[in-house]
Amino acid sequence: MSVLDFDLSDRGFWAKPMTEREEAFERLRSLRAPAFFEEMEMSYAPKGPGYYALVKHADILEASRNPEVFCSGDGGATNIPDMPAEFAEYFGSMINMDDPRHARLRRIVSRAFTPKMIKQFEADVEAAAVGIVDDLVAKGSGCDFVTEVAARLPLKIICDMMGIPERDYQFVFDRSNLILGGFDPEYTGGDLEQLAEKLLNAGMELQQLVQDLAAHRADHPTNDLTSSLVNANIDGERLTMQELGSFFILLVVAGNETTRNAISYGLRLLTKNPDQRALWLADVDGRAPGAVEEIVRLASPVNYMRRKVTRDFEMNGHLYREGLKVVLFYWAANRDEAVFRDPLSFDITRHPNPHVGYGGPGPHFCLGAHLARREITVMFRELLRRVPNIEGGRPDRLHSSFINGIKHMECTF
């Protein structure tokens, strides 16, 4: 470990220029065994035993295929420190669970995310994208692409799916920003001592919003997802109000933040690669599937998920001891030279493209992948057809190790 002059647990690492971080992960992938890092001190969680950084594509695939060994439920998957008990009420969604609890919840909610169900939302996605580009064109050149374009589409679709009224869009947007704000002072204020309280308050407010709506929908159902979930009875199983609230937080955070980051990063990629823009413009619909997958690969909207080792286990020549943690860095795996030719290049014709931008194989593969692909596809179809010369400026990234996405980026056209 002495050969490394950087620390993935250091908050400062995630504020370094992207090229420096790419070089750091390239060095990690070149090591014979996964590097081990100490956990950082947190005011709201005890310091844990440390973690191995899984940065190779093969390691992440293998760990994802063995959820009984690399578990999500012991301390949570979305944070490296163990999740305190008081956080579980709001953030203890199925992404932070193992089977059989995980399978039960996924079985109940998955019926809303099948390709057939997503197809029913296609007209809504297209109409929303048209309206967003209408507003963009009306404003003329120059705006924050993230807040005015990329964030609006997934936010509206998720809220509309759940039956959240338009007057609450900004409320949901602000709380989800805070929850994923990491150490970014723009969202969390920069005071780490108050961070836990702010996270809990944001979770409580989002949960209360959907629980109030669910209580009404229980007696006055409509065709929205909240009505379906609160009244769902699958083989005698129903969601509790707490489970519904946690699922909503997962949905607005994962479904909103990740897709907006992919759309934002996609524009930046097209700006830096005019040859790929020209190729996509020559066949907007035909090139879309490959382009969307390549955007997701390079954007890797969720940087990592954490797992805890349940028993001694040898994987790809390395022994992992019971009780230690591993962090699956999807962003690094999607740049693995052993899998992707010229991995830092943006190539919309790349095939095959076995990225892990939606997570690895196994029970925790992203439930909303179909919807995310659809939203990204429709948004770029509108942009390329109506403002084909739009460009994204220098991105302002979120200071976070979990979702290191783009929070602001000026666009011109």
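Reader: Which residue is the bridge partner of Arg306 in E8?

Author: The model is a predicted one. Strand E5 covers residues 304–309 and strand E8 covers residues 325–329, and five bridges join these antiparallel strands. Within this pairing, the residue of E8 that partners Arg306 is Val327.

Reader: In what order do the strands of the five-stranded open sheet lie, and which strands stand at its edges?

Author: The pairing in this sheet is mixed, and the order is E1-E2-E8-E5-E3. A strand at an edge has a single partner strand, so one side of it is left without a neighbour in the sheet. The strands in that position are E1 (35–37) and E3 (70–71).

Reader: At about what angle does helix H2 run to E8?

Author: Helix H2 is formed by residues 57–64. It lies across strand E2 (51–54), E3 and E8. Its angle to E8 is about 120°.

Reader: Is Val356 buried or exposed, and which residues does it contact beyond its neighbours in sequence?

Author: Val356 is placed in the loop between helix H16 (330–333) and helix H17 (369–386). Its relative accessible area is 2%, and because the cut-off for burial is under 20%, Val356 counts as buried. Val356 and Ala333 are 23 residues apart in sequence, with a C-alpha to C-alpha distance of 7.3 Å. When neighbours within four places in sequence are left aside, the contacts of Val356 are His57, Leu61, Tyr330, Ala333 and Asn334.

Reader: How many residues of H17 are buried?

Author: H17 has 18 residues and reaches 26 Å from its first C-alpha to its last, close to the 26 Å expected at 1.5 Å a residue. The helix is mostly covered, and the number of its buried residues is 13 of 18.

Reader: How many aromatic pairs are counted, and how are the rings of Phe70 and Phe313 arranged?

Author: The count comes to 18 aromatic pairs. The ring centres of Phe70 and Phe313 are 5.7 Å apart and their planes stand at 90°, so this pair is edge-to-face. Phe70 belongs to strand E3 and Phe313 to strand E6 (residues 313–315), so the pair ties together parts that are 243 residues apart in sequence. Phe70 and Phe313 are both buried, and the arrangement of their rings is edge-to-face.

Reader: What is the arrangement of the aromatic pair formed by Trp280 and Phe380?

Author: Trp280 lies in helix H14 (residues 274–282) and Phe380 in helix H17, 100 residues apart. Trp280 is buried at a relative accessible area of 1%, and Phe380 likewise counts as buried at 1%. With 5.5 Å centre to centre and 35° between the planes, the pair is tilted.

Reader: Over the face of which ring does Arg297 lie, and over which does Lys407 lie?

Author: Arg297 is 5.1 Å from the centre of the ring that it covers, and that ring belongs to Phe340. Lys407 is 5.8 Å from the ring centre in its own case, and the ring there is that of Tyr187.

Reader: Which residues does Thr271 touch, not counting those up to four places away in sequence?

Author: Thr271 is found in helix H13 (residues 241–272). With a relative accessible area of 17%, Thr271 is buried. The residues that it touches are Arg277, Ile390, Glu391 and Gly392.

Reader: Which residue of E12 is the bridge partner of Gly392?

Author: The open sheet of three strands has the order E4-E12-E9, with antiparallel pairing. Strand E4 (143–144) and strand E9 (391–392) stand at its edges, each with a single partner strand. E9 pairs with strand E12 (residues 410–412) over two bridges, and the partner of Gly392 in E12 is Cys411.

Terms used:
Residues are numbered from 1 along each chain as its sequence is written. This is a predicted model: local features need pLDDT of at least 70, side-chain atom pairs count only at pLDDT 80 or more; totals for chains, interfaces and linings use all residues. Side-chain values use heavy atoms; hydrogens and water are left out. Two strands pair if DSSP finds at least two bridges between them. Helices (H or I, at least four residues) and strands (E, at least two) are DSSP runs, numbered from the N terminus. Contact means heavy atoms within 4.5 Å. Axes are lines fitted to C-alpha atoms, for helices over the stretch in contact, and angles run from 0 to 180 degrees between N-to-C directions. Buried means under 20% relative accessible area, exposed over 50%, partly exposed in between (1.4 Å probe, protein chains only). The expected span of a helix is 1.5 Å times one less than its number of residues. Rings of Phe, Tyr and Trp (its six-membered ring) pair if their centres lie within 6.5 Å; planes under 30 degrees apart count as stacked, over 60 as edge-to-face and the rest as tilted. A charge sits over a ring if NZ of Lys or CZ of Arg is within 6 Å of the ring centre and within 35 degrees of the ring normal.
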